[in-house]
Amino acid sequence: MKTYLLDAVALVAAAAASGAASAHVSLPPGGATAGDSYAAAFRVGHACSGARSTTGITVRVPEGFSVQKAEPRPGWTLATAPGSVSWRAGSAGAALPDKERAEFVVHGTLPAKPGLLWFKVLQTCDVGNADWAEVPAAGNDKPAFPAARLDVLAPGVAAVEVRDAWVRMAVKGQSGTGAFMTLAAPSGARLVAVTTPVAGVAEVHEMKMEGDVMRMRAVAGGLELPPRREVQLKPGGYHLMLMDLKKALVVGETVPLELEFVDRAGRKAVARVQAPVRAAAGGDAAASAHRH
Ligand SMILES: [Cu+2]
């Protein structure tokens, strides 16, 4: 179990580092569990450099990923061959304009062994092409055309990206505060529990208007994370409520949070995060009102 937890911390750090790389053809960060079926959704957000539109996508499937089917795209022809899946626009009108986002989805089964999978993707355009096929290596950790990365995780490690976590500061004697972050589960999951050594009780809360009063309460059954969609925990919305605080929380220190998720198959998995303490944001409803 201990190594799983360390892996989770490493994954969170890697996910945070790759957050800005959305211009590439990529898979949603957060990973997937070894041995599971997985919908690999390749995100295309722009055409090749200097081009007006994307006219083709060819995914070279890495060894260990067993393809079941690929999702067709209207107006495009889909071809699968051993080791590759490709989509080609049937006409200039069907091509994907620059700046328009799309997902090209391949369903398959992941290898039983955890590790990294790299999907190399050739993007062809009305002018030229871009081969997203470089695997980061020592001395070249940020290649210009990276392949799409998938973290294949051991069971017990949450296949959830945890980004931009922070905890609102608390003065000595204050009973509660909030923790906030962005969560994304590529295959879907549910956040069911939170623990931290700084609080006796930690709950997932939501803000709801009752009449004209904003109140917060525990989210019954946990917080649903739909597949491939970000869920933001932020002041005034969903948040983690830390109650029965054991100490003051000072700006600049970090608070360990352990998040427990349940995946679609009902399995529990954990992610551990070190969340920095920050001052409350201005206009912050959850900072002042604590009605439970
Ligand atoms: Cu609350």
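W76 stands opposite A89 in strand β6. This pair belongs to a predicted model, in which strand β5, spanning residues 76-81, pairs with β6 in the antiparallel sense over 6 bridges. The two strands form a hairpin with 2 residues between them. Within that turn, G83 has a positive phi of about 85°.

Strand β6 also pairs with strand β3, which covers residues 53-60. These two strands run antiparallel and are joined by 5 bridges; R60 of the chain stands opposite S84 in β6. Strand β6 itself comprises residues 84-89 and is mostly covered, with 5 of its 6 residues buried.

## The copper site

Which residues coordinate the copper ion? The donors are H205 through ND1, M216 through SD, H239 through NE2 and M241 through SD, at 2.1 to 2.2 Å. In sequence, the spacing of these donor residues is H-x10-M-x22-H-x1-M.

The angles among the 4 donor atoms run from 84 to 124°, and the site is irregular. For reference, the ideal angle for four tetrahedral donors is 109.5 degrees.

H239 lies in strand β19, which spans residues 239-245.

The side chain of H239 reaches the backbone oxygen of G237 at 2.9 Å. Leaving aside neighbours within four places in sequence, H239 is in contact with A179, F180, E203, V204, H205, M207, M216 and L233. Two residues in that list, H205 and M216, are also donors to the copper ion.

## Residue V162

V162 is placed in strand β12, residues 161-168. At 3% relative accessibility, V162 counts as buried. V162 and L259 are 97 residues apart in sequence, while their C-alpha atoms are 9.5 Å apart in space.

## The chain as a whole

The protein chain contains 2 helices and 21 strands. Of its 292 residues, 46% count as buried. Among contacts between residues at least 6 apart in sequence, 70% join residues at least 24 apart.

## Confidence

The mean pLDDT of the protein chain is 89, and 88% of its residues reach 70 or more. Over residues 1-22, however, the pLDDT is below 50. Beyond near neighbours in sequence, this stretch has 22 contacts in the model.

Residues 282-292 likewise have a pLDDT under 50. For this stretch the model has 19 contacts beyond four places in sequence. Where pLDDT is low, the predicted coordinates should not be read in detail.

Terms used:
Residues are numbered from 1 along each chain as its sequence is written. This is a predicted model: local features need pLDDT of at least 70, side-chain atom pairs count only at pLDDT 80 or more; totals for chains, interfaces and linings use all residues. Side-chain values use heavy atoms; hydrogens and water are left out. Donors are N, O and S atoms within 2.8 Å of the metal (3.2 Å for Na, K and Ca); water is not among the atoms, so sites may look incomplete. Four donors count as tetrahedral if all angles lie between 85 and 135 degrees; four count as square planar and six as octahedral if opposite donors are over 155 degrees apart and all others between 65 and 115; anything else is irregular. Helices (H or I, at least four residues) and strands (E, at least two) are DSSP runs, numbered from the N terminus. A polar contact is a pair of N or O atoms within 3.5 Å; within protein, one must be able to donate a hydrogen and the other to accept it, and residues adjacent in sequence count only if both atoms are side-chain atoms. Contact means heavy atoms within 4.5 Å. pLDDT is the predictor's confidence in each residue, from 0 to 100. Buried means under 20% relative accessible area, exposed over 50%, partly exposed in between (1.4 Å probe, protein chains only). Two strands pair if DSSP finds at least two bridges between them.
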